Amino acid sequence: MNESLPCVGVHAVQYALTYCSERVLSLWVDMDSIKRHQALIELATNQDIPITKCPQKQLDQKSSSQHQGIMAFLKPLKLSEGDLVDHLKQDPTGILLVLDEIQDPHNVGAILRSAAAFGVKAVIAPQRNACGLTAAVSKSAQGGELMVPFVQVTNLARTLRALKELGFWVVGT
């Protein structure tokens, strides 16, 4: 599960299974809470998503966030730096959100949740000294990380110059 995004909690997993099931790689359920999550298990089963029933301790090890007895692993909605520029050349409109050195996963999750609500095209963050996509981000984002591409770049200044060359305005706060 190296290149997968952990999605934890009932609501986030339900959103993933309902709206982007093609990206769900597997569903993990605490053996003691199978009855409670029966509807989500059936939804995953109907979509041929592999289900792993495991002890709570195993979910605790895979998640740094409260998982509520259920966790899904998804193909991340990530773009590389190069993919971002190519993607924006095709459609250089919309709002992009650039984060600089935000390290708290709960803040990143809240930002992704808000970005999804406001129709942001992508969230851009540096690879170093910043939080990436984690289980805690997923829990806080409540599905926002499933809707908005998250791009980690090696050099924010270079990325901002490339965006300006594409016609984007850069506003800092």
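Glu 101 sits in the loop between strand 5 (96-98) and helix 5; helices here are DSSP runs of H or I with at least four residues, and strands are E runs of at least two, numbered from the N terminus. Before going on, note that this is a predicted model, where local features need pLDDT of at least 70, side-chain atom pairs count only at pLDDT 80 or more, and totals for chains, interfaces and linings use all residues. Residues are numbered from 1 along each chain as its sequence is written, and side-chain values use heavy atoms, with hydrogens and water left out.

Most residues other than glycine have a negative phi. Glu 101 has a positive one, near 60°. With 45% relative accessibility, Glu 101 counts as partly exposed (buried is under 20% relative accessible area, exposed is over 50%, partly exposed is in between, using a 1.4 Å probe and protein chains only). Gln 142, in the loop between helix 6 and helix 7 (144-147), also has a positive phi, near 50°. Gln 142 counts as exposed, at 54% relative accessibility.

Now for the inside. In soluble globular proteins, nonpolar side chains tend to be buried together. Here the largest nonpolar core has 33 residues, and Val 13, Leu 74, Leu 112 and Val 123 have the most contacts inside it. A core like this is a set of buried Ala, Val, Leu, Ile, Met, Phe, Trp, Tyr and Cys residues joined through side-chain atoms within 4.5 Å. Elements that each supply at least two residues of this core include strand 1 (5-8), helix 1, strand 4 (70-74) and helix 5 (105-117). Another core, of 10 residues, lies apart from it, with Leu 84 and Val 151 among them.

Next, look at helix 1 (residues 10-19) and helix 2 (residues 38-46), which pack at an angle of about 25° with axes 10 Å apart. The axes are lines fitted to C-alpha atoms over the stretch in contact, and angles run from 0 to 180 degrees between N-to-C directions. Angles under 35 degrees count as roughly parallel, so helix 1 and helix 2 are roughly parallel to each other. Val 10, Val 13, Gln 14, Leu 17 and Thr 18 of helix 1 meet Leu 40, Leu 43 and Ala 44 of helix 2, where contact means heavy atoms within 4.5 Å.

Finally, find Val 153 in strand 7 (residues 150-153). Val 153 is buried, with a relative accessible area of 1%. Val 153 and Pro 126 are 27 residues apart in sequence, but 4.8 Å apart in space, C-alpha to C-alpha.

Methods: Parallel < 35°, antiparallel > 145°, perpendicular 65-115°, else oblique.
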